[in-house]
Amino acid sequence: MKKLALLLLLCSTIAYTQNVQVTDYQVPVSKAQTLRFDGSWNWSQTGNSVTSNNANGTMLFRTFYSSLPMAWFLDVDASGSKAFGEYSHNIVIDGSFRKYIWENRDLFGFSSLTAQHAKPYNSVAVDLTVGFGYGRYINATALAKAVRIEEHLVKDKVIPGNLPKETMLNIASIIEREAEYKDKYGEIYEQEWFDDIEHEIEKTNMLEEGGVGSIGVLRMRQVLFNINERVNDRYYGWDVTAGVLFPITSAYDSIPTGNPNLTVGGRFAFPLSWRTQINTTAEIFTPLDSAAFDQVRARIGADFIYELSNRVNFVASYRFGLYKPAEGDMDREHTFSASFWYYLENNIYLTISGDYNKLGNNPKIVSSRVGLQYNLF
């Protein structure tokens, strides 16, 4: 515990060498999207017998748009596997829309729709939730990229030290507007985009004659186009929600959809430093019938991301699930995973992972894998 506290203190100290912090980046429109594929294959043989022949693949898609009057989110998680000719899959689509009641306040009304299909379901399970919430999420990845560019420029002695806070925020705003530059300048947008970034640095009088030079342009391209390195998404903010979940369809045609549920949830995201990110979620459900508060379902999750270098990331996640029936024993599930992502090139990572799963009184499951991950964007 002391070592962990010392590490976090060191991370925070490193962060404050910058003249700008993550929470300084506040924009009227925040948006992001991520599409990631993972794949692995395991094969082994003992004597003349094949003991394992398993293939696994996952896809993760995240996109959101948040503005002063409204926000929407869309998450897609899909996984599939094959083991000795037996196939299985699990697909979850979760979309939500929220409308802020006042533009200068964080109170909103929301609705969300969740659909899931998994083998051996013979139908798609669909839930609709409506309610109210409070809070906002901000995507500060553009500012993280500006800081990474600044780190390179200082290291390469293009500039003598850290840029002023206002300059960093202006550069982040230019980075955020890449699509605008594409629409306006077409094929030559990159030149105009980089020129505007350079002009912001020139205003500080920290550049020698000749501007950022070829090494500065190279560093900008490496950071902005994920060449030999990648900047992880950076978010900060929180929100809490309360609403009513209405089951629309059941996973099995023969099982009734059940009664509506009261649901309370929350999310929190914050980078401890420019290389450390924590994301957490929590959600609790109880039916709105005679079993209210006697029957409870809960889901809690936490993710920790640490960039050991511009090419190596450490990612750890923990998931806790709980189901308390109105009568009978409570079931708990613990899932922990830790992995190293090594960035190769062209948005491809080599991943080395370990997983731990414990469901109720069942034996624990420990596994490890090596795979490739492709980040399309």
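Leu350 is partly exposed, with a relative accessible area of 31%, where buried denotes under 20% relative accessible area, exposed denotes over 50%, and partly exposed covers the range in between (1.4 Å probe, protein chains only). This residue belongs to strand β13; helices (H or I, at least four residues) and strands (E, at least two) are DSSP runs numbered from the N terminus. The structure is a predicted model, in which local features require pLDDT of at least 70 and side-chain atom pairs count only at pLDDT 80 or more, while totals for chains, interfaces and linings use all residues. Residues are numbered from 1 along each chain as its sequence is written, and side-chain values rest on heavy atoms, with hydrogens and water left out.

Two or more residues of the nonpolar patch come from each of β12 (331–345), β13 (348–359) and β14 (365–375).

The protein chain contains 6 helices and 14 strands, and its C-alpha atoms fill a box of roughly 75 × 65 × 50 Å along the principal axes. Of its 377 residues, 36% count as buried, and the chain exposes about 21100 Å², of which carbon and sulfur atoms supply 58%. Among contacts (heavy atoms within 4.5 Å) with a separation of 6 or more, 56% are between residues 24 or more positions apart. The mean pLDDT of the chain, which is the predictor's confidence in each residue on a scale from 0 to 100, is 89, and 95% of the residues reach 70 or more. Over residues 8–16, however, pLDDT stays under 50, and the model has 9 contacts beyond four places in sequence for this segment. Where pLDDT is low, the predicted coordinates should not be read in detail.

A nonpolar core is taken as a set of buried Ala, Val, Leu, Ile, Met, Phe, Trp, Tyr and Cys residues joined through side-chain atoms within 4.5 Å. The largest such core has 35 residues, of which Leu143, Ile175, Trp193, Ile197 and Ile201 touch the most other members. At least two residues of this core are supplied by each of α2 (141–155), α3 (165–176), α5 (189–202) and α6 (213–224), and the greatest contribution, 7 residues, is that of α2. Apart from this core lies another, of 10 residues, among them Ala32, Phe110, Tyr137 and Tyr235. When neighbours within four places in sequence are set aside, Ile201 is in contact with Leu153, Ile159, Leu163, Thr167, Ile171, Met206, Leu207 and Val212.

The structure holds 19 salt bridges, each defined as a side-chain nitrogen of Lys or Arg within 4 Å of a carboxyl oxygen of Asp or Glu. One of them joins the side chains of Asp75 and Arg62 (3.9 Å, N to O); because Asp75 lies in strand β3 (residues 70–83) and Arg62 in strand β2 (residues 49–67), the pair ties together parts that are 13 residues apart in sequence. Asp75 counts as partly exposed at 25% relative accessibility, as does Arg62 at 27%.

The side chains of Arg275 and Glu307 also meet in a salt bridge (3.5 Å, N to O), and this pair links distant parts of the chain, 32 residues apart, with Arg275 in the loop between β8 (261–273) and β9 (276–287) and Glu307 in strand β10 (residues 296–307). Arg275 is partly exposed at 22% relative accessibility, whereas Glu307 is buried at 2%.

In a further pair, Arg299 forms a salt bridge with Glu283, the closest N and O atoms being 2.9 Å apart; Arg299 lies in strand β10 and Glu283 in strand β9, so parts that are 16 residues apart in sequence are tied together. Both count as partly exposed, Arg299 at 45% relative accessibility and Glu283 at 29%. Salt bridges that share partners join Arg148, Glu151, Glu229, Arg234, Arg275 and Glu307 into one network.

Technical notes. Areas by Shrake-Rupley, 256 points an atom, 1.4 Å probe, with all protein chains shown as cover.
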